[in-house]
Amino acid sequence: MADSTLFVAVELAGTGVHPASWRRADSRAEDLFTGGYWVDAVTTAEHAGVDAAFLPDSFALQPGGPGVTRGRLDAVAVAARVAAATHGIGLLPQAAVTHTEPFHLSKAIASLDFASLGRAGWEVTVSESTAAAKAFGRKDVQDPESLWHEADEAIEVVSRLWDSWEDDAEIRDVPTGRFIDRDKLHYIDFAGDNFSVKGPSITPRSPQGQPIVAVRATDPASTAVAVRRADLIRISAASPAAARARREDLRTALRAADRDPDTVRVLLDLDIHLADSVAAAATEVLELDQWAAPASAPRAGTAPLRHLGTTSGLWRLLDEIAADRIADGVVLRPLAAQPALARLAELGRNPLTASTFRHRLGLPRPLSRYATAPSN
Amino acid sequence: MTPRKQVHLAAHFPGVNNTTVWADPDSKSQIDFSSFAHLARTAERGLFDFFFLAEGLRLREHRDRIHDLDVVGRPDTFTVLNALAGVTEKLGLAGTINTTFNEPFELAKQFASLDHLSGGRAAWNAVTSSDAFTGENFRRGGYLEHSQRYQRAAEVVQATRALWDSWPDDALVVDRAAGVFAHDVPETQVRTSQFDITGRFVLPPSPQGYPVQLQAGDSDDGREFGAATADAIFTGHGTLEAGQRFYADLKGRLAKYGRTPDELKILPAATFVLGDTEADAHDRARHIRLQQVGPQTAIAFLEQVWGRDLSGYDPDGPLPEVEPADNVDITRGRVRHAKDPRAVAQAWRAKAEAENLTIRELIIEVTARQQFVGTPAQVAAQIDEHVQADAADGFILVPHLTPGGLDEFVDRVVPELQERGSFRTEYTGSTLRDHLGLRPPRTAHRSTAHEGARAS
């Protein structure tokens with residue numbers, strides 16, 4: 001590829017983003033809830049040189065009736081399950097903060113970072129649906145401003161907890177009998193509108209210090225949080241030109257927020273279906289659409305860019321995205337996971353060599369905000 | 001001849017406490033995944049039933065400061081167990097998860113995910129939080145009254161089971177030709193004193209239906225709750241006589257819940273020390289206890305009862321003459337030792353005087369738990385004796401070294417137990433319920449207790 005700095009992730013949603021993708025003969029739908037399915041999917045992506053895997057999640061069952069894929073495993077669980085089977089790929093489970101405790105999320109993602117030797121990320125999401133609110137029965141459904149204000153606070157809590165142990169807190173000092181230097185553990189004492197959390201974390205600082213945070217910028221509320229907090233900002237756009245304009249807007253906003261835009265990657269969603277020819281791809285997608293109708297309702301929000309065609313066509317598109325600064329990377333979303341995964345190796349990307357996800361993104365490992373002196 | 005009663009063994013990861021001898025040169029990280037993987041693989045090599053992981057939600061404090069003498073720092077239970085599912089094939093994966101600071105729908109999804117991803121190896125030790133101190137890390141806070149915490153625990157179990165039961169057994173179809181992935185999933189409603197949940201659960205029935213339920217309470221209420229709902233009880237009653245009394249009591253409570261004695265396994269926690277000779281083993285045991293209860297740790301234990309600063313006392317000298325303070329809780333984040341500090345102090349003084357013990361020696365005595373000490377053949381005989389005499393169905397072993405503390409046991413004691421005909425020579429099933437000899441739970445529950453939760 002002309003510009004190898006383009007970041008290429010894949011989003012693995014069940015048997016594919018298309019709700020009828022399970023009906024393909026090659027879908028492995030029977031295995032969807034097994035560890036083997038997910039290990040195979042993520043290791044295949046890793047071997048194809050994909051930089052990271054996004055794992056979607058939700059507390060709501062998929063709508064659409066008996067004809068669509070229903071059910072989903074906990075995304076952090078899936079990421080942990082595949083951690084030991086993979087060695088280079090970044091693992092980005094979605095986890096919603098609306099009903100979950102930030103203390104739990106903080107240790108879950110930090111532990112994923114330990115289990116993957118520094119490859120953990122977290123896509124922060126919110127639970128917009130009434131269904132999720134009723135499934136918890138703890139509070140009412142919230143509007144976007146309220147949801148993302150809460151998410152903003154949750155990220156702050158999690159981020160402080162990740163820093164609450166300095167890197168060299170464990171000392172094992174036999175003469176004094178001390179296992180830790182408690183002066184290197186810190187109460188975070190966060191008090192906000194949604195949480196008050198004392199800290200410190202029970203989990204020591206993880207290999208990356210701060211795992212990678214991703215946020216999908218879909219509306220003003222989520223965009224504001226993404227600009228303030230994300231390492232990876234996901235966008236959806238109807239055309240390459242719209243994506244390029246969106247990226248420029250985000251970079252302006254990042255500068256205004258006193259952040260270096262070159263330390264944040266804007267990732268463009270790209271729905272894909274790969275086949276031997278453009279015509280074959282179109283025929284196969286038509287088959288998926290016919291299976292799905294009339295069960296699936298049109299998706300809300302911007303319909304993402306699509307590439308339905310050959311792998312070499314995708315290669316040219318990625319080249320164009322890199323060359324024209326349309327985005328800093330893409331999130332490939334296979335309409336049907338198995339055929340796409342089988343062909344991704346044809347992109348000819350180099351195997352992953354970076355030791356941590358941060359390293360792969362060219363980001364330094366941050367010092368704990370509470371550290372008083374540089375670590376040894 | 002009737003076959004010998006079979007011993008069940010599980011491995012406890014030595015986490016945050018003074019069991020772990022962290023000063024030993026062979027003591028490695030308590031947080032790196034490689035340590036968990038090593039212990040779990042060793043347990044699986046030894047054909048153990050399960051790996052057990054405890055949980056902490058707030059760092060322990062002593063005299064208003066973070067306790068710094070014992071091992072501190074542990075990972076998230078679910079994340080570690082799911083990751084271990086990737087490096088083991090048969091071993092059960094058991095975790096303590098608190099019912100006070102988690103919500104039923106999320107817990108149900110997390111445990112069902114672990115059970116699916118591990119192929120039916122999940123177990124849940126459901127506990128309640130000890131105090132508002134822990135609550136300071138959660139938005140729920142610490143407002144829940146003590147009595148309500150147990151009510152909430154029971155309702156969390158009820159709600160998670162209702163959710164796990166909510167997909168009919170034949171709901172997942174995957175019929176490509178007919179275009180049916182899954183039949184409609186009915187809405188589950190759970191309305192209890194603390195929950196008002198209405199939702200469609202997100203996963204089909206997992207291999208075990210429910211995770212294996214572990215329970216650890218020892219009060220009368222706790223024993224009753226265990227008899228009604230638990231698959232295995234995790235106890236401290238490790239000595240032969242105390243074990244037999246507890247065992248008979250628990251198994252005797254099962255009939256009123258329509259359960260048979262083999263539906264509940266009694267698994268006390270126990271440590272072990274091996275040696276080439278009996279004398280060698282006892283020497284090693286003594287050395288390990290001295291490492292576990294160092295001078296500073298001995299004073300800290302004493303301060304837990306006395307409720308005051310005793311740092312001026314010599315750990316190798318006599319117990320303090322000063323009386324304990326009343327109702328001063330100077331250790332937070334761990335179950336308190338003494339309900340009546342003055343009575344405990346009196347008893348400890350009497351014991352120290354009678355046996356001529358220093359502070360440190362006394363603490364070593366009074367904090368000891370069931371320990372099997374001897375040659376591998378002797379330790380196998382002791383364990384077997386407890387099981388054959390109905391003092392236990394097996395043990396949850398707590399090694400004193402991370403992560404290699406189980407290696408010698410698996411290499412040397414397991415073959416002795418196998419030779420006695422008391423321990424499996426291969427896994428005969430693939431789920432944890434198989435290992436424990438438990439029936440699949442779903443059918444029984446679906447027709448009885450849990451209809452109420454769904455219909456209410």
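Which strand of chain A is joined to β9(A) by four bridges, and do the two run parallel or antiparallel? Strand β4 (residues 121-125) of chain A is the partner, and the pair runs parallel. Two strands count as paired if DSSP finds at least two bridges between them.

**Before you start clicking**

This is a predicted model, in which local features need pLDDT of at least 70 and side-chain atom pairs count only at pLDDT 80 or more, while totals for chains, interfaces and linings use all residues. Residues are numbered from 1 along each chain as its sequence is written, chains are lettered from A and ligands numbered from 1 in the order in which they are written, and side-chain values use heavy atoms, with hydrogens and water left out. Helices (H or I, at least four residues) and strands (E, at least two) are DSSP runs, numbered from the N terminus.

**Stop 1: strand β9 of chain A**

Select residues 212-216 of chain A, which form β9(A). Four of the five residues here are buried, where buried means under 20% relative accessible area, exposed over 50%, and partly exposed in between (1.4 Å probe, protein chains only). Now show strand β10 (residues 232-235) of chain A, which pairs with β9(A) in the parallel sense over three bridges. Here Val215(A) stands opposite Ile233(A).

**Stop 2: helix α2 of chain A**

Move on to residues 75-83 of chain A. Nine of the nine residues of this helix, α2, are buried, so α2(A) is largely enclosed by the rest of the structure. Among the buried residues are Val76(A), Arg81(A) and Ala83(A). What do the buried residues of α2(A) pack against? In chain A they meet α1 (35-47), β2 (52-55), β3 (90-96) and α3 (102-115), and they also pack against α2 and α3 of chain B. Contact here means heavy atoms within 4.5 Å. At the start of the helix, pick Asp74(A): one of its side-chain oxygens comes to within 3.4 Å of the backbone nitrogen of Val76(A).

**Stop 3: Pro102(A)**

Select Pro102(A), which lies in helix α3 of chain A. At 2% relative accessibility, Pro102(A) counts as buried. Leaving aside residues up to four places away in sequence, Pro102(A) touches Ala154(A), Val157(A), Val158(A), Leu161(A) and Phe195(A).

**Stop 4: salt bridges within the chains**

Over all chains, a search of the whole structure finds 72 salt bridges. The rule asks for a side-chain nitrogen of Lys or Arg within 4 Å of a carboxyl oxygen of Asp or Glu.

- Show Arg228(A) and Asp152(A), whose side chains meet in a salt bridge (3.0 Å, N to O). Arg228(A) lies in helix α6 (residues 220-229) and Asp152(A) in helix α5 (residues 144-163) of chain A, so the pair ties together parts that are 76 residues apart in sequence. Arg228(A) is partly exposed at 45% relative accessibility, whereas Asp152(A) is buried at 11%.
- Both residues also belong to a network of salt bridges, including Glu156(A), Arg160(A) and Arg369(A).
- Next, find Arg333(A) and Asp271(A), with the closest N and O atoms of their salt bridge 2.7 Å apart. Arg333(A) sits in strand β13 (residues 329-334) and Asp271(A) in strand β11 (residues 265-274) of chain A, so this pair ties together parts 62 residues apart in sequence. Arg333(A) and Asp271(A) are both buried.
- In chain B, select Arg424(B) and Asp49(B), joined by a salt bridge (2.8 Å, N to O). This pair links distant parts of the chain, 375 residues apart: Arg424(B) is in the loop between α13 (407-419) and α14 (432-436), and Asp49(B) in the loop between α1 (33-45) and β2 (50-53). Both are buried.

**Stop 5: where chain B meets chain A**

Finally, color the contact, which takes 71 residues from chain B and 80 residues from chain A. The two chains bury about 6,300 Å² between them, 58% of it on carbon and sulfur atoms; buried area is the accessible area (1.4 Å probe) that two parts lose on being put together, summed over both. On the chain B side, Arg139(B), Arg176(B) and Phe181(B) lose the most area to chain A, together 15% of what that side buries. Across the interface the rule finds 10 salt bridges. To see a salt bridge between Glu101(A) and Arg139(B), select both side chains (3.9 Å, N to O).

Note on methods: A polar contact is a pair of N or O atoms within 3.5 Å; within protein, one must be able to donate a hydrogen and the other to accept it, and residues adjacent in sequence count only if both atoms are side-chain atoms.
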